[in-house]
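Morning, everyone. I have one structure to show you today.

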Amino acid sequence: MILGTKLRGKDTALASAVESFLLSGHDRAERTNLWYAQYLKDYREWLGRQGLEVTIASIEPNLVNAYIAEVRLSHPHVARARASTLKRFAAWLAENEIHHEVGESVLRKVKSPKIPHDVRQPYRDSELEKIIERAATSECGERDQAIVALLLGCGLRLNECRQLRLEDVDWERRSVNVRSVTSKGQRVSRRVRLDSIAARLIDHYVKDVRQDVDGPIFLTASGRTFTYSGFYRVTYRLKKRTGIKDFMAHRCRTTWATNFRRVGAGDLFDLQEEGGWVDLTMPRHYAKSRPFEERSKVTPLAGMLQSTRPNHSPSRAA
């Protein structure tokens, strides 16, 4: 073999290149690599269903655009994530001179689909009790109930919930401390009000079911710490048990954000702080508008005058 000769090319099995791509991401977050692996596996399986060869040559604009368009029909958010993954993989192939177009990514002109603002809807009120009720039917029902109640009642991200520890719960102040090291972007720690239903279910799980060992609150059946993929599967299995076809753990956070305003738990600034967002962009995206019938009957002018002069009403002009 001549030193420096490239052994991998367009005819190389796609799985082989994917494996190298994942190994190259030693500095990536664990969950990021897991998503990359899953999305690239989905693309390979899609190619197989089309009767196409699953080689590096299949990383090309026409096929990728067709795949993304198909996914987008039912899952717009997932389609965008898969497009980003494939583009990143193609960039890596180009950087390593395995598959490229004059030194550039072959997918550089492929566009990630835009996401409609109203796609990710919160769960309906009638679905909330069903989700918590069906969570109890698993092998570790008490634990799973506490998990979904925490997601729905406190708006934690999945990884924040996975790494929550006993000392993070302040029972006296009824609050949860979300440590920065567990949150997205690892910016700053934040304090979230502990939902009463979540508090009751967590208390029961911790005191009556959970093994008395060190580690996060939520443990596997054998008492071990969850990996991110393992914790994700706990919520993924609820899709079948609840009968909600588009069930996703992250929709629990969307539901929490929407109901935060519906029940008057605070304004958008309060929601931003408890949700751990750097600005109001995401709270406005996640928190859907309150139904007109649920808005306060008090209007700004009358409300202010009534609060400053409760025993007097504005007199009519003569």
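I'll take a helix pair and then some salt bridges.

Keep in mind that this is a predicted model. Start with helix α1, residues 14-23, and helix α4, residues 76-95. At what angle do α1 and α4 pack? About 90°, with the axes 11 Å apart. Angles from 65 to 115 degrees count as roughly perpendicular, so α1 and α4 are roughly perpendicular to each other.

Now the contact itself. From α1 come Leu14, Ala17, Val18, Ser20 and Phe21. From α4 come Arg88, Phe89, Trp92 and Leu93. Seven of the residues in this contact are nonpolar, one is polar and one is charged.

On to the salt bridges. Side chains of opposite charge can pair when their charged atoms come close. How many salt bridges does the structure hold? It has 14.

Look at Arg165. Glu167 bridges to Arg165, with the closest N and O atoms 2.9 Å apart. Arg165 also meets Asp214, again in a salt bridge, at 2.9 Å from N to O. Arg165 sits in the loop between α7 and β1, and Asp214 in the loop between α8 and α9, so this pair ties together parts 49 residues apart in sequence. Glu167 is exposed, at 58% relative accessible area. Asp214 is exposed too, at 67%.

Next, Asp168 and Arg179. Their side chains form a salt bridge at 3.0 Å, N to O. Asp168 is in the α7 to β1 loop and Arg179 in the β2 to β3 loop, so parts 11 residues apart in sequence are tied together. Is Asp168 buried or exposed? Buried, at 5% relative accessibility. Arg179 is partly exposed, at 23%.

Last one: Glu101, Glu104 and Arg108 form a salt-bridge network.

Key
Residues numbered from 1 in each chain as written. Predicted model: local features only at pLDDT ≥ 70, side-chain atom pairs only at ≥ 80, totals over all residues. Heavy atoms only, no water. Axes fitted to C-alpha atoms, helices over the stretch in contact; angles between N-to-C directions. Helix = DSSP H or I, 4+ residues; strand = E, 2+ residues; numbered from the N terminus. Parallel < 35°, antiparallel > 145°, perpendicular 65-115°, else oblique. Contact = heavy atoms within 4.5 Å. Nonpolar A, V, L, I, M, F, W, Y, C, P; charged D, E, K, R; others polar. Salt bridge = Lys/Arg side-chain N within 4 Å of Asp/Glu carboxyl O. Buried < 20%, exposed > 50% of the residue type's maximum accessible area, 1.4 Å probe, protein only.
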